[in-house]
Amino acid sequence: MPSIALYARTAAHFSKNTSTTLLLARTFSSTHRRSEINKILPSAAEAIKDMKSNSTLLCGGFGLCGVPDTLINQVEKTPSITGLTAVSNNAGVVGSGLGLLLASKQVSKMIASYVGENKVFESMYLKGEIELELTPQGTLAERCRAGGAGIPAFYTPAAFGTVVQTGELPLRHNKDGSVAQYSQPRDVKVFDGKSYVMEEAIKGDYAFIKAWKADRLGNCMFRFAAANFNGAMARNAKMTIVEAEHLVEPGDIDPAAVHVPGIYVDRVIQSTAEKKIEKIVNAKDPKEAVNALGSGDAGNKRERIVRRAAKEFKNGMYANLGIGMPMLAPSFVDPSVEVQLQSENGILGLGPYPKKGEEDPDLINAGKETVTLLPGAACFGSDESFGMIRAGRINLTILGAMQVSAKGDLANWMLPGKIKGFGGAMDLVSNPQATKVVVTMEHTDKKGRPKILKQCEFPLTGKACVSRIITDLCVFDVDFTDGLTLIELADGVTVDEIKAKTDAPFTVADNIQPML
């Protein structure tokens with residue numbers, strides 16, 4: 001399209017009257033602006049001025065990464081907006097993100113996968129001041145994606161055999177802490193011999209989205225792990241409002257780099273909120289990695305577990321690691337073994353922790369820790385990430401656990417009286433035929449009670465999903481039908497000691513091996 005300056009020069013050719021030239025230029029400019037598509041608004045206040053109470057708000061972000069803080073902050077400044085159902089991976093933290101709207105009592109219900117970092121929310125929930133619909137992280141991403149794709153419901157293997165499927169999740173409490181309302185049981189169908197749980201799509205009234213770049217047409221581009229839930233949610237809502245770090249001209253974003261086409265976006269504003277990092281973790285040399293496991297007997301136990309877990313990696317594997325001890329296992333992998341690590345918040349090719357001063361708020365792992373990318377890494381949205389996981393593209397996942405049963409049932413998301421959430425664990429263990437699930441944990445709890453039981457006492461993360469258990473004392477292989485087989489013993493540990501500290505029955509392999 002010819003520029004305004006070109007039209008001005010053309011007018012000057014026919015008239016030497018400067019005022020006429022300027023008038024023609026202004027006239028073209030005004031006419032041009034009236035006819036163009038321009039979704040950019042001057043402020044967050046203007047963007048949400050007609051936002052209604054009692055609406056469903058989809059809010060992108062993972063931890064503090066990719067969170068639309070400029071828009072959230074403006075809602076907090078608009079106390080007339082109340083009764084919101086907020087849909088987000090987590091509930092923000094105290095004083096930031098959705099934590100602000102929880103504290104201001106503008107949110108009446110949260111739909112999330114994890115709320116463990118927000119003590120204000122936990123207190124409100126247990127006192128009956130807010131409703132909570134906990135949803136497995138991959139299911140949450142797919143519910144948002146499906147809502148935007150015109151799909152009313154779908155079947156997923158995640159959460160079969162858990163309280164999500166049976167309808168035993170407390171949605172709301174009474175003031176005295178008793179349960180006022182439980183979730184609804186899910187429909188279950190069998191496909192190709194496997195059970196699947198039906199989940200309904202989420203439909204958003206508004207979506208608050210954080211982009212790296214956006215143009216006046218509404219085209220958006222995300223940066224690294226800040227994609228997370230933003231893409232799926234941007235495509236879903238009746239009114240999608242984007243805040244972008246950089247407002248650019250149409251064409252400045254390569255067409256192949258547009259993550260959300262403008263057809264899904266209604267309004268765009270300049271992002272003004274400061275980007276934050278929830279957990280800064282820096283690179284450690286091997287000695288420091290050992291020190292990170294702790295000191296004394298406890299540290300020695302954890303090091304034994306982590307070193308043994310590192311042997312599970314095979315060359316060419318795609319692996320996903322839970323937070324805690326599993327994340328330290330790559331430090332002990334032989335350099336000849338190349339494994340690509342996947343993080344469920346949207347990274348394949350996860351690198352080590354960054355050096356001090358090189359942290360990037362758009363690069364975090366599933367534990368909200370700062371990370372780096374290896375050469376050849378790829379970043380994508382949470383909906384695609386969990387598609388990889390459920391489809392069995394991940395060869396190995398290593399998770400922590402509170403309890404494991406004799407038949408491989410896993411409990412690792414809730415202790416009595418504690419409200420944290422599922423995160424991505426239910427999805428990660430939903431396809432044990434394709435993804436090997438390895439558990440790392442101490443053999444007994446802090447009171448010396450067995451953590452390997454005939455049946456789990458805590459709410460399940462998944463049924464018949466754990467293939468191998470690595471503890472500080474031994475290694476068990478798990479057969480989902482026949483139960484446990486003791487295959488390795490730590491130095492100085494006897495079979496009798498394992499029997500005394502294990503509630504579940506087990507057989508002993510004929511050729512039992514040393515653990516390290």
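Modeller: Let's go for Asp362, which sits in the loop between strand S16 (347-350) and strand S17 (373-379). Strands here are DSSP runs of E with at least two residues, and helices are runs of H or I with at least four, both numbered from the N terminus. Residue numbers start from 1 along each chain as its sequence is written, and side-chain values use heavy atoms, leaving out hydrogens and water. This is a predicted model, so local features need pLDDT of at least 70, side-chain atom pairs count only at pLDDT 80 or more, and totals for chains, interfaces and linings use all residues.

Although it's in a loop, Asp362 is buried, with a relative accessible area of 3%. Buried means under 20%, exposed over 50% and partly exposed in between, using a 1.4 Å probe and protein chains only.

What does the side chain of Asp362 make a polar contact with? That would be the side chain of Arg223, at 2.9 Å. A polar contact is an N or O pair within 3.5 Å; within protein, one atom must be able to donate a hydrogen and the other to accept it, and sequence-adjacent residues count only if both atoms are side-chain atoms.

Setting aside neighbours within four places in sequence, Asp362 is in contact with Cys65, Arg223, Phe224, Ala225, Ala226, Glu245 and Lys275. Contact means heavy atoms within 4.5 Å.

The chain's mean is 91, and 91% of its residues reach 70 or more. Over residues 1-31, though, pLDDT is below 50, and that stretch has 14 contacts beyond near neighbours in sequence.

Definitions and conventions. pLDDT is the predictor's confidence in each residue, from 0 to 100.
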